[in-house]
Amino acid sequence: MLTTEVADRVHRLERAYVNCYVVADDDGRVLLVDAGLPGMWPLMGFALRELGHRPEDVAGLVLTHAHFDHVGFAARLQERVGVDVWAHEADHWLAAHPYRYAHENLRAAYPFRHPASLRILAAMARAGALKVRGVRDLRPLEDGEVLELPGRPRIVFTPGHTYGHVALHLPERDAVLTGDALVTLDPYTGLDGPQIIAGAATADSELAMHSLDRLVETGADLVLPGHGEPWTGGVVAAVTEARAIGAH
Ligand SMILES: [Zn+2]
Ligand SMILES: [Zn+2]
């Protein structure tokens with residue numbers, strides 16, 4: 001199988017240290033959370049087939065945020081399959097221009113300070129990280145809203161990594177999809193464990209630290225991040241570890 005079932009009817013597809021999730025419902029429809037890198041497009045097609053779905057079963061794509069490694073195949077899915085794409089309004093411009101993101105520290109210096117990140121960034125490049133097309137005509141997301149999509153995700157506004165970052169709480173599955181608000185692997189440093197992403201790719205680290213409170217409120221048992229392995233020790237413990245590491 002290309003995917004791993006990480007929670008009840010929630011499947012993880014990982015390539016080049018980037019995660020996408022397929023959230024299935026009993027009515028045969030699926031929700032996709034994040035669109036990875038362009039190279040994940042054929043893989044997602046195969047993965048859906050393995051799970052017994054056709055492209056028409058995709059009821060929607062929700063972007064946790066509009067960085068290039070989450071927007072990957074969004075434009076293709078929208079054009080070829082006619083799937084609606086949601087993102088918080090504060091990230092809509094970024095979604096159309098996925099390389100124009102704000103960050104605190106000089107990105108280019110990171111691989112030299114953190115050599116472990118080189119293999120990660122090289123793998124991301126091979127999966128098309130430098131060739132992501134922007135996506136337009138997005139639908140907006142509001143903090144606290146519950147989407148009538150598979151898994152009935154509740155939107156948790158968690159700005160900082162980007163100004164429009166959201167997490168998705170799936171109360172019925174006891175899981176929270178944290179995107180890059182809380183990861184268990186930072187691709188820019190190569191460091192493992194629950195943490196916010198380094199200033200190399202984060203717009204406002206202080207705001208990102210504040211948004212961890214919003215994740216705690218979900219009380220979810222399972223944390224499913226945009227990068228790294230699932231964290232099964234509960235969101236409270238994950239946030240405690242992230243706070244100990246702090247902004248970096
Ligand atoms: Zn990101
Ligand atoms: Zn990312």
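1. Aspartate 180 bridges the zinc ion (ligand 2) and the zinc ion (ligand 1), and the two ions are 3.3 Å apart. The model is predicted: local features need pLDDT of at least 70 and side-chain atom pairs count only at pLDDT 80 or more, whereas totals for chains, interfaces and linings use all residues. Residues are numbered from 1 along each chain as its sequence is written, chains are lettered from A and ligands numbered from 1 in the order in which they are written, and side-chain values use heavy atoms, with hydrogens and water left out.

2. Donors are N, O and S atoms within 2.8 Å of the metal (3.2 Å for Na, K and Ca); water is not among the atoms, so sites may look incomplete.

3. Histidine 65, in the loop between strand S5 (58–62) and helix H2 (68–71), and aspartate 180, in the loop between strand S9 (175–179) and strand S10 (183–185), are 115 residues apart, and the pair links distant parts of the chain. Helices (H or I, at least four residues) and strands (E, at least two) are DSSP runs, numbered from the N terminus. Histidine 65 and aspartate 180 are both buried, where buried means under 20% relative accessible area, exposed over 50% and partly exposed in between (1.4 Å probe, protein chains only).

4. Aspartate 69 counts as buried at 1% relative accessibility, and histidine 70 is buried at 0%.

5. An open sheet of 6 strands has the order S1-S2-S3-S4-S5-S6 with mixed pairing. Strand S1 (3–7) and strand S6 (85–86) stand at the edges with a single partner strand each, so one side of each lacks a neighbour in the sheet. Two strands pair if DSSP finds at least two bridges between them. S1 and strand S2 (residues 10–15) are antiparallel over 4 bridges, with threonine 3 opposite leucine 13.

6. S2 and S3 run antiparallel and are joined by 6 bridges; their hairpin has 2 residues between the strands, and alanine 16 takes a positive phi near 50°. S3 and S4, also antiparallel, share 4 bridges, and the bridge partner of tyrosine 21 in S4 is valine 33. Strand S3 (residues 18–24) is mostly covered, with 7 of its 7 residues buried.

7. The protein chain comprises 8 helices and 12 strands. Of its 248 residues, 59% count as buried.
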